[in-house]
Amino acid sequence: MASLLVSLHEVVEKYIKKANDKELAGKIGTEVLEHSRQVAKKYLFTAEDACKFHVAELFPMLSRELLHFTKILRRRMKTSTTLSHPWQIRIVRNIPVEIFELLKETILRGGYGNIVKKTKSVEQLEISNLDAVYNWVKHVAGNNTISGTIETDFFSKLLKDGSCCKAIVSPEHPFIVKYSNTQENIQYVTRYGCWNAFGIPQHVLS
């Protein structure tokens, strides 16, 4: 049911963007989504799905969450690294379980990544391709918000001395999304590297 509601939200969003009379389209879209929530409330009874009827309302919140993540990611990219977690960026944010469930749904439905661990307290997803991470964020946040290529967007950072930091995502070093149900926080973990002005790597990934 959550997948159906996410798809419906995307269709309504596209309809409003293409409509000539956006005010009227907005009213129609709002009413359609409101009816969809009533249908979901009527037919969803399990504890797992009971909170998902308002997924259309949560989608903009998820979009903002990913935009915050990308801004923090670029700020954390530096030429120096830590001994405890060398060339690794770990971002922890507090989000309710409803937002995580929607985030997970967008990753799985889009085929961007997979669940690699699931317990009562922790759930972990991995994306093993940089293009997939980029396309996922772009899909959720919207084309009007994120522009540019992978080399010039939020996955890389050009420093004043001419050196460059860039995220590294591969099967050996996947992008990790880890959620704690007990603490209600999410961790985004990615590896990155740094190249000096001459293009020589300054990092070593273990």
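Accessible areas come from the Shrake-Rupley method with a 1.4 Å probe. On this basis, the accessible surface of the chain in this predicted model comes to about 11,600 Å². Carbon and sulfur atoms account for 54% of that surface. The chain has 206 residues, and 44% of them are buried.

The secondary structure consists of 5 helices and 7 strands. Along the sequence, these elements follow the order α-α-α-β-α-β-β-α-β-β-β-β. Among the contacts between residues at least 6 apart in sequence, 63% link residues that are at least 24 apart.

Helix α5 covers residues 130–141 and thus contains 12 residues. From its first C-alpha to its last, the helix reaches 17 Å, which is close to the 16 Å expected at 1.5 Å a residue. At the start of α5, the backbone nitrogen of Asp 131 lies within 2.8 Å of a side-chain oxygen of Asn 129. The buried residues of this helix include the aromatic residues Tyr 134 and Trp 136. Leu 130, Ala 132, Val 133, Val 137, Val 140 and Ala 141 are also buried in α5.

Strand β6 spans residues 175–180, and Ser 180 belongs to this strand. The relative accessible area of Ser 180 is 11%. Ser 180 is therefore classed as buried, since that term applies to values under 20%. When residues up to four places away in sequence are not counted, Ser 180 touches Ser 121 and Asn 185.

Terms used. Residues numbered from 1 in each chain as written. Predicted model: local features only at pLDDT ≥ 70, side-chain atom pairs only at ≥ 80, totals over all residues. Heavy atoms only, no water. Helix = DSSP H or I, 4+ residues; strand = E, 2+ residues; numbered from the N terminus. Expected span 1.5 Å × (residues − 1). Buried < 20%, exposed > 50% of the residue type's maximum accessible area, 1.4 Å probe, protein only. Polar contact = N/O pair within 3.5 Å; in protein donor to acceptor, adjacent residues only side chain to side chain. Contact = heavy atoms within 4.5 Å.
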